[in-house]
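Open the model in your viewer and keep the selection panel at hand. The stops below go helix by helix.

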Amino acid sequence: MYIMTEDEGPRTEAAPFRLPSFVRRLPLATVADYFAGTGLILVPHMDDEALGCGGTIALLPHKTKWHVVYATDGMGSPEPVLPKRDKISPDLGRIRQAEARAALAVLGMPAPNVHFLDLPDGRLSRHGQQLYQLIARLVAELQPDHLLVPFRFDRHPDHLALNQVATRLVNEGTFSGQMTEYFVYHQWRMLPTKDVRAYVKPELLAKVEVTAVAQQKRAALDCFKSQTTRFYPWQARPNLTPELLDEVSQSPELFLRYDKKLAGTAVFSHNIPWIRIAHRLEPFLKKRKDRLVAWARRGSVTSE
Ligand SMILES: [Zn+2]
């Protein structure tokens, strides 16, 4: 494990960022206590685990007792902006699997504890029953104490599909341990605070301080070259920018304990109608904007 010493100080190239005040006020969780025992981390796409809980994985004291499963084949990201023009590589899925294995090795996860379900990227909800059966089989095999899943209001449909499968396993009693949600897409431009986590009842959240493993988390994220560089010539910028990587590597990771009594929007304290609207509208508007920008940019750059 890498520990940053005081005289090394912060990374000089890191972009400055301010920790939101609601995050500063949240109770601090110790990984060894909060995630005591065994666990299975459900991941929609390669890089979601490093973004949402990479620091926590690095801090797990007994990583041999934890497993990570990737639900999709990874063929959907980078996603074509102009679908008829933007070609994708048939090797993308294989490349992203190798990136995920490398990133988890950096975080200290044993290679045999990494699993891939290879379901179609972007279409998990259409394979809901198959996804359910595969996850239920893993849960039966591994008997984990914890299930980590993406937040119920993450902005990608695959994240929601995986959350729904895990919620079903808990609600029907197939999984009797503790389900906990992690956050990947928490920055929402359409919300006044720009962060959906600010609307979750604070008593349901815990934060893990990852400063001690920030460089390890950043090194894991840097393994995802298909996301951190311009993988395709038609991309204007990488999916994960250096500014975002700096910020997520140093920010505390937040977690939401699942409670059957607080389903759906019951975890939010206020602004629920607007959260519902923004959740539907923001991804749609972003796609429209990216498309318009791509048309404008490529219209003037004929060499691409
Ligand atoms: Zn994802």
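Two residues count as being in contact when their C-beta atoms, placed from the backbone, lie within 7 Å. Keep in mind that this is a predicted model.

**Stop 1: α6**

Select residues 157-171, helix α6. The helix has 15 residues. From first C-alpha to last, α6 reaches 21 Å, close to the 21 Å expected at 1.5 Å a residue. Now colour its buried positions: D158, H159, A161, L162, N163, V165, A166, T167 and L169. What covers them? Show the strands β1 (39-43), β2 (66-72), β4 (146-150) and β5 (178-182), and helix α5 (128-142); the cover includes these elements. Then step just past the end of α6 to G173, where phi is positive, at about 90°.

**Stop 2: α3 against α7**

Select α3 (48-59) and α7 (residues 214-222). A helix pair is described by the angle between the axes and the distance between them. Here the angle is about 135° and the axes are 9 Å apart. Angles over 145 degrees would count as roughly antiparallel, and those from 65 to 115 as roughly perpendicular. α3 and α7 are therefore oblique to each other. Their crossing is right-handed. On the α3 side, pick A50, G54, G55 and A58; on the α7 side, pick Q216, K217, A220 and L221. The contact residues split into four nonpolar, three polar and one charged.

**Stop 3: α7 against α9**

α7 passes α9 in a right-handed crossing. From α7, show A214, K217, R218 and L221; from α9, show L245, S249 and Q250. This contact divides into three nonpolar, two polar and two charged residues.

Which residues of α9 are buried? They are L245, D246, V248, S249 and Q250. Their cover includes α3, α7 and α8 (225-228).

**Stop 4: R291**

Move to helix α10 (residues 272-300) and select R291. Is R291 buried or partly exposed? Count the other C-beta atoms within 10 Å: there are 13, so R291 is partly exposed. A buried residue would need 20 or more. Leaving out residues up to four places away in sequence, R291 touches V81 and L82. Finally, draw a C-alpha to C-alpha distance from R291 to K225: they are 23 Å apart in space and 66 residues apart in sequence.

Conventions. Residues are numbered from 1 along each chain as its sequence is written. This is a predicted model: local features need pLDDT of at least 70, side-chain atom pairs count only at pLDDT 80 or more; totals for chains, interfaces and linings use all residues. Axes are lines fitted to C-alpha atoms, for helices over the stretch in contact, and angles run from 0 to 180 degrees between N-to-C directions. Helices (H or I, at least four residues) and strands (E, at least two) are DSSP runs, numbered from the N terminus. A crossing is left-handed if the near helix is turned anticlockwise from the far one by less than a right angle, and right-handed if clockwise. Ala, Val, Leu, Ile, Met, Phe, Trp, Tyr, Cys and Pro count as nonpolar, Asp, Glu, Lys and Arg as charged, and the others, Gly among them, as polar. A residue is buried if 20 or more other C-beta atoms lie within 10 Å of its own, exposed if 12 or fewer, and partly exposed in between; C-beta atoms are placed from the backbone. The expected span of a helix is 1.5 Å times one less than its number of residues. Angles under 35 degrees count as roughly parallel, over 145 as roughly antiparallel, 65 to 115 as roughly perpendicular and the rest as oblique.
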